[in-house]
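Welcome! Please take a moment to look over the sequence and the 3D view before reading on.

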Amino acid sequence: MQAWQVHENGEPSEVMRLEQVEPPTPGDGQVLLKVRAANINFPDALLCRGLYQVRPPLPFTPGVEICGETEDGRRVLANPALPYGGFAEYAVADTAAVLPAPDALDDAEAAALHIGYQTGWFGLHRRAGLQAGETLLVHAAAGGVGSAAVQLGKAAGATVIGVVGGAEKAAVARELGCDVVIDRRAQDVVAAVKEATGGRGADVVYDPVGGEAYAQSAKVVAFEGRIVVVGFASGSIPSPALNHALVKNYSILGLHWGLYNTKNPKLIQHCHEQLTELAARGAIKPLVSERVPMGGAAAAVQRVADGVTTGRVVVLPGLTEGGAA
């Protein structure tokens, strides 16, 4: 089968190689899945660089989120068990963690529903307790993680402020349903949020960026607000001033979604049921900006790593270079 292999750590475009390899053999409690679509996540770039919290043995195939097909023809969602990741024709996954793919979504959309939307749902509902009528501020609102949070915030009845970088991403954020869009390249984020909220600030801040975005979050979070720390796409991990959190009376909440797989897997199933229902009534739908053939995977992972994409970029093994499936 065809699979992208990483033999040494480095930038995705330099270290990912498309090779012919033997299909993986599932271990105990695992299942072999035909990959119908593999969604690209920022952790795929971190895996290539050797900077992710999981470091699979070399060589490995990246790709942490797929829509796959079982031997009996069922469409499912899965997080492949590394080193046999999703940028391949076949992947391996733990049987207990495989979830049914929602009928309302095609393969590419379904592949993009799992990690980003689960993270958003846990962050906004389980950790921050977002309520209808509250104001939600989402950093990197046009990106894969941010776009999911925007849709989930709107579905929950919140007023959503999206922060983006550039006019193109601002247009995407508006299409996603943001009530207010702030272009950090052209506007003062702190001043714009205060103006949009009448000086009150945001009740919940969803931050997958870190760095300067977190510093802005601390300045605009409302009384009894909650900042949900999801990741550090900026590459800079901030050091929160806890005296500031005390004086302003806000909460800083960490979210590592993967922990729920071991600490409380039933919650992941419950969340998936909620997401499936939201997708069925059209309240959420992953924004797939690019569908690329297998041969374009390395370049696409690099684009995601460089932060130049919007929404989700999905690899479709069955797609030809000309665009036909």
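## Aromatic rings and a pocket

One aromatic cluster is made up of Trp-121, Phe-122 and Tyr-260. Keep in mind that this is a predicted model.

**The aromatic cluster**

- Searching the whole structure turns up two aromatic pairs.
- One of them joins Trp-121 and Phe-122, with ring centres 5.3 Å apart and 80° between the planes, which makes the pair edge-to-face.
- Trp-121 is buried, because its relative accessible area is 11% and the cut-off for buried is under 20%.
- Phe-122 is buried as well, with a relative accessible area of 0%.
- Phe-122 also pairs with Tyr-260: this pair is tilted, at 4.2 Å centre to centre and 35° between the planes.
- Phe-122 sits in helix H4 (residues 115–127) and Tyr-260 in helix H10 (residues 260–263), so their pair ties together parts that are 138 residues apart in sequence.
- Both Phe-122 and Tyr-260 are buried.

**The second largest pocket**

- The second largest pocket has a volume of about 210 Å³.
- Eleven residues line the second largest pocket, and the closest to its centre are Arg-36, Leu-316, Pro-317, Gly-318 and Leu-319.
- Which strand gives the largest share of the lining of the second largest pocket? Strand S3 (residues 30–39) does, with three residues.
- By type, the lining of the second largest pocket has six nonpolar residues, one polar residue and four charged residues.

Definitions and conventions
Residues numbered from 1 in each chain as written. Predicted model: local features only at pLDDT ≥ 70, side-chain atom pairs only at ≥ 80, totals over all residues. Heavy atoms only, no water. 1 Å grid on protein atoms, 1.4 Å probe; cavity = no way out; pocket = protein on both sides within 12 Å on 5 of 7 lines; lining within 4 Å. Points joined across faces, edges and corners; volume = space filled by probe spheres on them. Helix = DSSP H or I, 4+ residues; strand = E, 2+ residues; numbered from the N terminus. Nonpolar A, V, L, I, M, F, W, Y, C, P; charged D, E, K, R; others polar. Phe/Tyr/Trp six-rings, centres within 6.5 Å; stacked < 30°, edge-to-face > 60°. Buried < 20%, exposed > 50% of the residue type's maximum accessible area, 1.4 Å probe, protein only.
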